[in-house]
Amino acid sequence: LHTVNGELTGKVELLDLANSDLTNLFESTRVATVFLDRNLVIRSFTPAVLKLFNILPTDRGRPLTDLASRVALPDLLDDVRSVLASGASVERTIAAGPPAAHYLLRIVPYRDSSARVDGVVLTFIDVTSLTKAEAQQKVLIAELNHRVKNMLMVVVGVAEQTYRTSSDARDFKDRLVERILGMSRSYELLSRENWTETPLGELLRLHLGIFGLDRIRLQGPEIRLRPEQALALGMIVHELATNAGKYGALAGQRGSAAMTWAEIDGEAGAQLELTWSEQDGPAVTAPTTTGFGLKLVREQAAYGLHGAASVDFAPAGVVARISFPLRDRDDE
């Protein structure tokens, strides 16, 4: 009897230890878990279940279906019967609210010490963040497809217009490559900013840096542009600076240019006004025809920025003014 009592005491201690381990596991886990018998009567549950069901410790022994819950489980009975009959688990994605949340419900068989299926175990894994990330990913992919399509359309348009205004194949190649490289600078900056709002000053420095910032003065407040605004304005700035580098103030050694901007309050909301001005360059003669560069500036201002652009070929130097709303009415 003494030996048997010693063995029994050892087993009780092991059982107490296992029970303590199980209690600590229940208290520490964030996974909502409910243990049910074959009739959906609650055997036990983890504290995380309180987020989904109005459940109390005294509810052990009550059917789960008697409790109010934040989750809709219309197929629970059928799923439990399927698990009890087949011994295979069932998974479903369910919604809970408020606030809006998503859970992965797994129903697995509960097996006793004889490996006989004697109930089911319900686990609710919070996948709200994953669901939102997947939805955001779909939005980003759709937006990327839209932007790539628009970019290709712009490249095709630029190529066609450049071809029509080029004197020969080499001229066409040089001018087309310059414009595409100008577009790529804007895309590079937007990629670094994860296609969020982009600093105007950094955009201008990126495009104008290749012409020498020691000869170009930049002055204006800190402004952030939406991706579509940055792309359109980048093309405009590249065209103005390229023209100045070939024919205007930046073509010689003494000339300089300035890009200034300011935010003003207009009738439709905040407006951004930019002024590009050239000084100390060769005498300017107004063109007799509208070239593609001037056409691109005006079209990008109108369709890309929903604003307007004017270019004055004053004898002292070219002056271009661009204005557009910082926010669309739909964003307000």
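Q: Is Asp79 buried or partly exposed, going by its relative accessibility?
A: A word first: this is a predicted model. Buried means under 20% relative accessible area. Asp79 has 8% relative accessibility, so Asp79 counts as buried.

Q: Which side chain does Asp79 meet in a salt bridge?
A: A salt bridge pairs a side-chain nitrogen of Lys or Arg with a carboxyl oxygen of Asp or Glu. Here Asp79 meets Arg92, at 2.6 Å from N to O. Asp79 belongs to helix 2 and Arg92 to strand 3, so the pair ties together parts that are 13 residues apart in sequence. Arg92 counts as partly exposed, at 36% relative accessibility.

Q: Which strands does helix 2 lie across?
A: Helix 2 covers residues 76-86. It lies across strand 3, strand 4 and strand 5. Its direction makes an angle of about 125 degrees with strand 5.

Q: How do I read a sheet? What is the order of the strands in the open sheet of 5 strands?
A: Start with the general idea. Strands of a sheet pair through backbone hydrogen bonds, either parallel or antiparallel. Now the case. The order is 2-1-5-4-3, and the pairing is antiparallel.

Q: Which strands stand at the edges?
A: Strand 2 and strand 3 (90-96) do. Each has a single partner strand, so one side of each is left without a neighbour in the sheet.

Q: By how many degrees are neighbouring strands of this sheet turned against each other on average?
A: By 25 degrees, with direction ignored.

Q: How many bridges join strand 4 to strand 5?
A: There are 9 bridges. Strand 4 spans residues 101-111, strand 5 spans residues 117-126, and the two run antiparallel. Keep a general point in mind when you trace a strand. In a regular strand the side chains alternate between the two faces of the sheet.

Q: Over how many bridges do strand 1 and strand 2 pair?
A: Over 3 bridges, in the antiparallel sense. In one of them, Leu36 has Ile42 in strand 2 as its bridge partner. The two strands form a hairpin with 4 residues between them.

Q: Which residue of that hairpin takes a positive phi?
A: Leu40, with a phi near 65 degrees. Leu40 is not a glycine. Its place is in the loop between strand 1 (32-37) and strand 2 (42-45). Leu40 is buried, with a relative accessible area of 4%.

Q: Where is Asp280, and what is its phi?
A: Asp280 lies in the loop between strand 10 (269-279) and helix 7 (292-304). Its phi is positive, about 60 degrees, although Asp280 is not a glycine. Asp280 is partly exposed, with a relative accessible area of 46%.

Q: Which residues of helix 7 are buried?
A: They are Phe292, Gly293, Leu294, Leu296, Val297, Gln300, Ala301 and Gly304. The cover over them includes helix 3, helix 4 (169-192), helix 6 (227-246), strand 11 (308-314) and strand 12 (317-325). After helix 7 comes His306, whose phi is positive, near 60 degrees.

Q: How many salt bridges does the structure hold?
A: It holds 15 salt bridges. One of them joins Arg43 and Asp118, at 2.7 Å from N to O. This pair links distant parts of the chain: Arg43 in strand 2 and Asp118 in strand 5, 75 residues apart. Arg43 counts as partly exposed, at 30% relative accessibility. Asp118 is buried, with a relative accessible area of 19%.

Q: What about a pair within one helix? Which residue forms a salt bridge with Glu188?
A: First, the general idea. An α-helix has 3.6 residues a turn, so residues three or four places apart point the same way. Now the pair. Glu188 forms a salt bridge with Arg192, and their closest N and O atoms are 3.5 Å apart. The two are 4 residues apart in helix 4, which means they are separated by about one helical turn. Glu188 is partly exposed, with a relative accessible area of 42%. Arg192 counts as partly exposed too, at 46% relative accessibility.

Q: Which residues do salt bridges that share partners join into one network?
A: Arg43, Asp112, Arg116 and Asp118.

Q: Which residues form a nonpolar patch on the surface?
A: Leu144, Val148 and Leu152 do. Together they have about 250 Å² of accessible area. Leu144 sits in helix 3 (residues 128-164). At 48% relative accessibility, Leu144 counts as partly exposed.

Note on methods
Residues are numbered from 1 along each chain as its sequence is written. This is a predicted model: local features need pLDDT of at least 70, side-chain atom pairs count only at pLDDT 80 or more; totals for chains, interfaces and linings use all residues. Side-chain values use heavy atoms; hydrogens and water are left out. Buried means under 20% relative accessible area, exposed over 50%, partly exposed in between (1.4 Å probe, protein chains only). Two strands pair if DSSP finds at least two bridges between them. Patches are made of residues with over 30% relative accessible area and no salt bridge: like charges are joined within 9 Å, nonpolar side chains (Val, Leu, Ile, Met, Phe, Trp, Tyr) within 5 Å. Accessible areas come from the Shrake-Rupley method with a 1.4 Å probe; for residues, only the protein chains shown count as cover. A salt bridge is a side-chain nitrogen of Lys or Arg within 4 Å of a carboxyl oxygen of Asp or Glu. Axes are lines fitted to C-alpha atoms, for helices over the stretch in contact, and angles run from 0 to 180 degrees between N-to-C directions. Contact means heavy atoms within 4.5 Å.
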